[in-house]
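Visitor: I would like to learn how to read strands and their pairing in a model. Could you take me through some cases?

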Amino acid sequence: MYKKYKKTQKKIQTALVVLLVSVMGFSATNAFAFQEKQSVENFKQYKGEVIDQDSKKALIFATLAVEGTNISTITNTEGDFILKIPESVDDGTVIVSFLGYESKNILLSDLSPDKNKIELSVSVTQLSEVNINAPKDATTLVRQALARKGDNYFDDPTLMTAFYRETIKKRRKNVSLSEAVVNIYKTPYNSLRRDAVELYKARKSTDYSKLDTVALKLQGGPFNALYVDIMKYPEYIFAEGSIDDYKFAFSRSTRIKDRLIYVIKFDQKQSIDIPLYKGELFIDVENKTLTSAVYTLNIISKEKAARLFVRKKPANLDVWPTDVGYRVDYREKNGKWYYGYSNVLLTFKVDWKDKLFNSVYTMTAEMAVTDWEKNLTGELPKSKERLKKSIILSDEAIGFSDPDFWGQYNIIEPEKSIESAIKKIQRQLRRSKSNGSASKP
């Protein structure tokens with residue numbers, strides 16, 4: 001049985017870590033970008049934060065969407081957002097939503113270019129609230145939701161624009177940062193065809209001098225986040241027949257956009273001795289739709305968990321995951337749901353056998369869909385233009401020299417620590433260019 005799950009979890013490539021020894025040097029040169037494929041339109045930019053009305057705490061991964069369009073963005077882990085809108089959209093409404101909170105509609109004309117503080121209030125839901133359409137046991141509801149992906153989710157080929165970011169931290173210091181805008185050729189949810197990804201723009205910086213002669217690289221790039229789309233790729237968490245290896249239970253109810261959402265907790269049964277998952281599924285009980293999922297890997301054996309994630313390492317080095325977490329959020333338009341955001345968080349311990357202390361590294365990968373349109377022809381990019389699932393994004397792009405690199409594209413606002421790292425890189429590049437100019441005859 002373990003071989004079956006090992007094969008399934010390997011396929012997800014949520015984190016295939018490559019460990020190399022004695023890799024030194026600092027890479028931060030001219031920014032790399034793929035050729036522009038469309039004319040650049042002027043845009044208006046709005047920045048701000050989304051917080052809880054009462055506690056004033058940041059609301060992480062809140063969604064901001066422009067009504068009547070497919071333009072959207074999300075808040076970062078500090079509640080901050082940046083929203084870019086084409087100037088051709090001269091009026092409209094931004095819908096701000098967050099699970100368990102009352103949604104808020106804000107006119108574009110009421111937003112300022114920056115310093116927007118948006119407060120959301122908790123949606124009061126009775127824990128005992130019952131919907132007559134809900135099955136009596138949680139397992140049945142989960143099965144129904146998984147079975148209805150052909151009814152509740154996009155059934156047309158879709159071309160999505162998404163922003164992807166991956167980071168590696170040693171303790172609290174950023175040592176590697178990669179970002180990209182990608183095109184996702186999303187196939188219908190009831191189709192067995194896999195999604196294709198095309199790299200559009202990318203940039204990165206890695207400071208190997210902070211890595212203790214060990215370079216951790218995340219293999220798979222955007223596929224790490226894309227395969228967390230449970231409704232498109234259910235086999236990566238609920239492999240065929242594996243639902244019976246889990247126990248499901250109703251936890252509580254909440255609301256999103258006036259929809260009653262049941263929260264279902266799940267965990268692997270005690271009789272299962274291989275690493276599976278535990279977490280929460282958020283299901284719209286009326287339509288049997290999975291709207292969000294948050295879950296972690298049960299690390300019941302560090303040796304078995306290490307075999308799932310570590311592809312190559314030196315013989316005198318032990319490395320194993322201590323925390324592996326996932327999240328996926330879906331969005332809705334015109335009665336159909338689609339993949340909107342996902343992230344992966346992995347914490348590893350790296351232990352040299354001849355050293356007294358070990359090192360702790362955190363790797364994150366997140367991707368947010370910021371625009372989409374129907375791909376009516378169903379065409380996919382040519383094989384040579386597609387990203388391979390073995391891609392290491394930090395090897396494909398170089399530098400952060402252009403502070404306006406992303407132009408009109410919506411991105412996830414950088415956290416303060418990442419923003420500081422980017423500014424530091426840009427200052428180093430300016431000094432380097434200045435010194436280079438001064439040395440010319």
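Visitor: Which residue in S6 is the bridge partner of lysine 47?

Guide: Before the answer, a word on the source: this is a predicted model, in which local features need pLDDT of at least 70, side-chain atom pairs count only at pLDDT 80 or more, and totals for chains, interfaces and linings use all residues. Residues are numbered from 1 along each chain as its sequence is written, and side-chain values use heavy atoms, with hydrogens and water left out. Strands are DSSP runs (E, at least two residues), numbered from the N terminus, and two of them pair if DSSP finds at least two bridges between them. Here the partner of lysine 47 is isoleucine 82, and strand S3 (residues 43-52) pairs with S6 in the antiparallel sense over seven bridges.

Visitor: Why is S6 described as largely enclosed by the rest of the structure?

Guide: Buried means under 20% relative accessible area, with a 1.4 Å probe and protein chains only. Seven of the seven residues of S6 (residues 80-86) are buried, so the strand is largely enclosed. Both faces are covered, with Asp80, Ile82, Lys84 and Pro86 on one side and Phe81, Leu83 and Ile85 on the other.

Visitor: Which strands pair with S15?

Guide: S14 (residues 246-256) runs antiparallel to S15 and is joined to it by ten bridges, with arginine 255 partnered by leucine 260. Two residues lie between these strands in their hairpin, where lysine 257 takes a positive phi near 50 degrees. S16 (residues 277-284) also pairs with S15 in the antiparallel sense, over six bridges, and its aspartate 284 stands opposite isoleucine 261.

Key: Buried < 20%, exposed > 50% of the residue type's maximum accessible area, 1.4 Å probe, protein only. Helix = DSSP H or I, 4+ residues; strand = E, 2+ residues; numbered from the N terminus.
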